Amino acid sequence: SNAKPLFVGNWKMNGFRANLTEILNVEESIAKTPFHGDVVICPPATLAALAVDALKKSVIQIGGQDCHAEEAGAFTGDISAEKWKDLGAGYVIVGHSERRAYYQEDNKAVKAKSKAVLRAGLVPIICIGESLEERKAGKTLEIISAQIDGCIPDEAQSAPIAVGYEPVWAIGSGLTPTLEEISEAHKVIREALHKKIGDKADLTPIVYGGSLKPSNAKEILAILGVDGGLVGGASLKAVDFLEIIRACD
Ligand code: PEP
């Protein structure tokens, strides 16, 4: 594709103030040796607020892990896309499989959140991916096409988005699909995306996520149509996250 590479570190509910140095170390490395793509770290909201103030050079960005679809109001515990924008975040992950599983978020909810992120002027990182059961039943391509169809709002025709392909069974498991399976999935996602946003699909980063680590990054990132990575566990340590990013050339 013609998309600019994108790497996203999803810290999930991990990290304390003491771990902010990991974010600063990533910044330091990218400042010293520039990367020809975008680097985003999504720490817990508490740390995101500290991180945006601690970052000195605008070589990496901070993102949210989720947002509420509404702009503001009586939604205790929630954070709107506008709050992320106000903080200085550049991206918000939406539709992560953990949100889908633990908070019953369906494609419709993910679409509403994607729309909210675009409304706030930020880039949604829209996550999709099949479960192990769906993979075993041979339904992977059908499921991910339906997820693209159901999650991408019309507004994405005129503003940038990113897509994260994350097979649910590959997240945090140490398992990954074969290179052929990843290639096939990204091709199908790009086609489904083309139906929704036309030629912009070619400029949209479709990143792979699920047990991406320094030891498998090179071969996965070399797949045509894989425009970067969404990294969970291996993004918590700057050295690992950087090794994955640097594996992309
Ligand atoms: C994720 O949760 O987005 C993820 C890819 O996790 P991990 O890298 O730990 O599999």
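This is a predicted model: local features need pLDDT of at least 70, side-chain atom pairs count only at pLDDT 80 or more; totals for chains, interfaces and linings use all residues.
Serine 211 sits in the loop between β7 (206-209) and α9 (214-221). Although serine 211 is not a glycine, its phi is positive, at about 55°. In general, most residues other than glycine have a negative phi.

Glutamine 104 also has a positive phi, near 50°, and is likewise a residue other than glycine. This residue belongs to the loop between α4 and α5 (107-119). Glutamine 104 counts as exposed, because it has 8 C-beta neighbours inside 10 Å and the limit for that class is 12 or fewer.

## The annotated active site

The unreviewed UniProt entry lists His96 and Glu166 under "active site". These positions are spread over 71 residues of sequence, yet they cluster in space, with a largest C-alpha distance of 8.4 Å.

Histidine 96 is located in the loop between β4 (91-94) and α4 (97-102). It is buried, since 27 other C-beta atoms are found within 10 Å. When residues up to four places away in sequence are not counted, histidine 96 touches Gln65, Asp66 and Cys127.

Glutamate 166 occupies the loop between β6 (162-165) and α8. Glutamate 166 is buried, because 24 other C-beta atoms lie within 10 Å. Apart from neighbours within four places in sequence, its contacts are Ser97, Cys127, Gly129, Ile171, Gly209, Gly210 and Leu230.

## The largest nonpolar core

The largest nonpolar core has 69 residues, and within this set Val92 and Ile126 touch the most other members. Helix α8 (residues 179-197) gives the most to this core, contributing six residues.

The contacts of isoleucine 126, not counting residues up to four places away in sequence, are Val94, Gly95, Val110, Ser114, Cys151, Ile152, Ile161, Val163 and Gly164.

## Packing of helices α7 and α8

Two packed helices are described by the angle between their axes and the distance between the axes. For helix α7 (residues 140-151) and α8, the axes come within 9 Å and cross at roughly 30°. The two helices α7 and α8 are therefore roughly parallel to each other, because angles under 35 degrees fall in that class. Their crossing is right-handed. From α7, the contact is made by Thr140, Leu141, Ile144, Ser145, Ile148 and Asp149. From α8, the partners are Ala185, Val188, Ile189, Ala192, Leu193 and Lys196.

## Threonine 140

Threonine 140 is part of helix α7. It is buried, because 20 other C-beta atoms lie within 10 Å, and a count of 20 or more meets the cut-off. Leaving aside neighbours within four places in sequence, threonine 140 is in contact with Glu130, Glu134, Arg135 and Ala185. Of these contacts, Ala185 is one of the α8 residues in the helix contact described above.

Along the chain, threonine 140 and isoleucine 152 are twelve residues apart, and their C-alpha atoms are separated by 18 Å. Isoleucine 152 is also one of the residues touched by isoleucine 126.

Definitions and conventions. Residues are numbered from 1 along each chain as its sequence is written. A nonpolar core is a set of buried Ala, Val, Leu, Ile, Met, Phe, Trp, Tyr and Cys residues joined through C-beta atoms within 7 Å. Helices (H or I, at least four residues) and strands (E, at least two) are DSSP runs, numbered from the N terminus. Two residues are in contact if their C-beta atoms, placed from the backbone, lie within 7 Å. UniProt positions are given in the numbering used here, feature names are shortened, and annotations may be inferred rather than shown by experiment. Axes are lines fitted to C-alpha atoms, for helices over the stretch in contact, and angles run from 0 to 180 degrees between N-to-C directions. Angles under 35 degrees count as roughly parallel, over 145 as roughly antiparallel, 65 to 115 as roughly perpendicular and the rest as oblique. A crossing is left-handed if the near helix is turned anticlockwise from the far one by less than a right angle, and right-handed if clockwise.
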